[in-house]
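Subject: Handover of a structure and the findings on it

Dear colleague,

Please find below the structure that I am handing over to you. The findings follow directly after it.

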Amino acid sequence: MIDAKSEVLIRKALTLVAMGKSPADVCLRVGRLLDVATRTWLDDQEIVMKGDRIAYVGPAGSYPGSCRHHEHRPDLMAIPGLGEVHKHIESSHLTPEWEAALVLPRGNSWTCEASHEFSNVRGSRTLEFWMTARRHGSPLKIFPLPGSAVPPTAYEHGGGWLGYDEQSAFLKDSLMVAGLDEVMDWPAVWDAGNGSHDRLWGMIEATFEQRGVVEGHAAGIRDLPTINAFAAAGLASDHEAWTVDEFWDKLRHGLFMELRVHSMPDILKGLLERGLQDWSQIAFATDDRSASETLEKGATDYNVRVAIQSGLAPEIAIQCVTINPARHMRLTPWVGAIAPGRFADIVLLSDLQSFEIAEVWADGRQVSRGKEYIEPVPQIAWPSWATDTVQVGGELAASDFGIPAAPGRATMQAAVLRPFHWADDFLTYELPVRDGLVQRDESRNITKFAIVDRFAGTRSVSKMFWLGTGPRTPNVAVASSLGHDKHNIWCVGSSDEAMAVAVNELSRIQGGWVLVADNRVVATVRYEVAGLMSCRSAAALDADMQALYEQAKAIDWMYEPTFTPRWWPGFPERLSFATLTCSPWRWVLVAPSPFAPLGLVNVQTGQIHDTVW
């Protein structure tokens, strides 16, 4: 952990070790070392460590003191431990100690955790949760940024509410709190009439007071007046640029740009064509990546490989995951470089161009060999505040998912959404009525979607019809507690009975995924910690996910293209992101509340509407 009193004692000790007046613990000699501050390679260097920190770096044989243990890696290249400038560890669906076991062999030794996911479930426990694994000995450094989107909009409620007082307390409590998680509700920033306006500016004020970083989320912001306004508001970064023109405009107006891998090839090509010389305002961001995808592709190392394959010099790519994010987050005393005073986190490469990792050292000791994590994973018994978070309030019945029609009607008008519906108005369809209930229409790709409040314990369900997603196969439903960013339960199904079975099973296992076919549970994946993560290995979690995917292959899933290119046919896993309520979303379905009794609300204006009429 990092605190000022301990830091003074550590620095005093390191000073004497660096001068050779006190013995060091480990001396690691390497064939080459990348100095990220000057972007130069140094041959035959030694890295001298005391405890979990670096005390001395210089040419082999230059250290003036004694060392208890020596290691020599003449054929390997040393670079700093890789850092995540913006990641939701929750997206791996692993608890932090198991996340460490997954990403450390892939070079990632520190993470700026964007914590509005967990914070929306247990806001008051935010710091306690993210510090627990480190306190149990995990080598992964987690620098939490409490969530600004708690709740995501003024029209939602649940397991967390963070404002000025909470943010101020978090920042004062620990030097590891880097700032404020991405400010997503842009309409609430500029519109003083928005219900979240005062809360958001209170959090920004508290962050400024403690000299923290205010992270941004500028999705859909592409015109110059709004880019200027966004930067003027003090929102320091953006990770939502999809094109080189958008990226360039935001970079030129002072935003620190965090480039995600799905846009990386095109944007890097465009930046290189424009002759960009100074890359110090750019970092690579993972944002969201599941354990299954990380096992397949990699963690931060994958981002670097894609950058190199896209034409970027390896040394610049490495800066974009080491010194650049550390500077932006004001963490350079501890991470970002192989330099005295920093944590002894070192990635040893066997090949630069392919970015092949041979070993990773963290906290002054070797923690991986190839892709194998060789440290014991701390055994943490997560308390009930982390594991008892799905509180629906009792069993639900099929009738809880029915949408009543007006008396005597053969058809009803229905408000209809589709995944990633970023239009000003919802869609409208005329739907049939049977037995007094408005019905789905699979012939037109229309199914039923529901949000179940998992915090209030009042068996509250909002429901409406959606287009182009969900099962066409009869008596099928899928439900999940992963519903960005409020993380209420969402469920989509071809029958009300199947939807009730899915949600009830999800409540029983305390979160994750449930797939129902023929009105019976055929696959589950448990996220028993906060309904977002599981306390087990990536391989064990992936095995359950693969079993879920296998069962899903037997089902006919509706599909209809939407605005976003990241919506695909098949099992609708990305519905977890289609429940977002941040800008540029307009009409969304949220859990019932006094703000939106039926759940359908325009989160930019607060306007509500009936789901059928």
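Are Asp238 and Lys250 buried or exposed? Both residues are buried, where buried stands for under 20% relative accessible area, exposed for over 50%, and partly exposed for what lies in between (1.4 Å probe, protein chains only).

Two remarks on conventions come first. This is a predicted model, in which local features need pLDDT of at least 70 and side-chain atom pairs count only at pLDDT 80 or more, while totals for chains, interfaces and linings use all residues. Residues are numbered from 1 along each chain as its sequence is written, and side-chain values use heavy atoms, with hydrogens and water left out.

Salt bridges

A search of the whole structure gives 36 salt bridges, a salt bridge being a side-chain nitrogen of Lys or Arg within 4 Å of a carboxyl oxygen of Asp or Glu. One of them joins Asp238 and Lys250, with the closest N and O atoms 2.8 Å apart. This pair links distant parts of the chain, as Asp238 belongs to strand S10 and Lys250 to helix H9, 12 residues apart. Helices (H or I, at least four residues) and strands (E, at least two) are DSSP runs, numbered from the N terminus.

Another salt bridge is formed by the side chains of Arg53 and Glu7, at 2.9 Å from N to O. Arg53 lies in strand S3 and Glu7 in helix H1 (residues 4-18), so this pair ties together parts that are 46 residues apart in sequence. Arg53 and Glu7 are both buried; for Arg53 the relative accessibility is 1%. Arg53 also forms a salt bridge with Asp52, in which the closest N and O atoms are 3.6 Å apart. Asp52 counts as partly exposed because its relative accessibility is 27%. 

Helix H9

Helix H9 covers residues 244-252, and its buried residues are Val244, Glu246, Phe247, Lys250 and Leu251. Seen down the axis of H9, these residues fall within an arc of 160 degrees, so they line one face of the helix; the arc is that of the directions from the helix axis to the C-beta atoms. Among the elements that cover them are helix H8 (224-232), strand S10 (237-238), strand S11 (256-260), helix H10 (264-273) and strand S12 (282-285). After H9 comes Gly254, with a positive phi near 95 degrees.

Strand pairing

Two strands are taken to pair if DSSP finds at least two bridges between them. Strand S1 (residues 24-35) pairs with strand S2 (residues 40-50) in the antiparallel sense, over nine bridges. Within this pairing, Cys27 has Val48 in S2 as its bridge partner. S1 and S2 form a hairpin with four residues between them, and Arg39 in the turn has a positive phi of about 55 degrees. S2 is also paired in the antiparallel sense with strand S3 (residues 53-59), over six bridges. There, Lys50 has Arg53 in S3 as its bridge partner. The hairpin of S2 and S3 has two residues between the strands, and Gly51 takes a positive phi near 60 degrees.

A further sheet is open and consists of three strands in the order S5-S6-S7, with parallel pairing. Strand S5 (82-87) and strand S7 (141-146) stand at the edges with a single partner strand each, so one side of each is left without a neighbour in the sheet. S5 is joined to strand S6 (residues 108-115) by four bridges, and Glu84 stands opposite Thr111 in S6.

Two individual residues

Arg305 lies in helix H12 (residues 300-309) and counts as buried because its relative accessibility is 18%. A polar atom of the Arg305 side chain lies 3.1 Å from the backbone oxygen of Lys297. Leaving aside neighbours within four places in sequence, Arg305 is in contact (heavy atoms within 4.5 Å) with Lys297, Gly298, Ser354 and Phe355.

His157 is placed in the loop between S7 and helix H5 (164-173) and, at 28% relative accessibility, counts as partly exposed. Residues up to four places away in sequence not counted, His157 touches Asp453, Phe455, Lys486, Asn488, Pro592 and Ser593. His157 and Asn120 are 37 residues apart in sequence, with their C-alpha atoms 8.8 Å apart.

With kind regards

Technical notes
A polar contact is a pair of N or O atoms within 3.5 Å; within protein, one must be able to donate a hydrogen and the other to accept it, and residues adjacent in sequence count only if both atoms are side-chain atoms.
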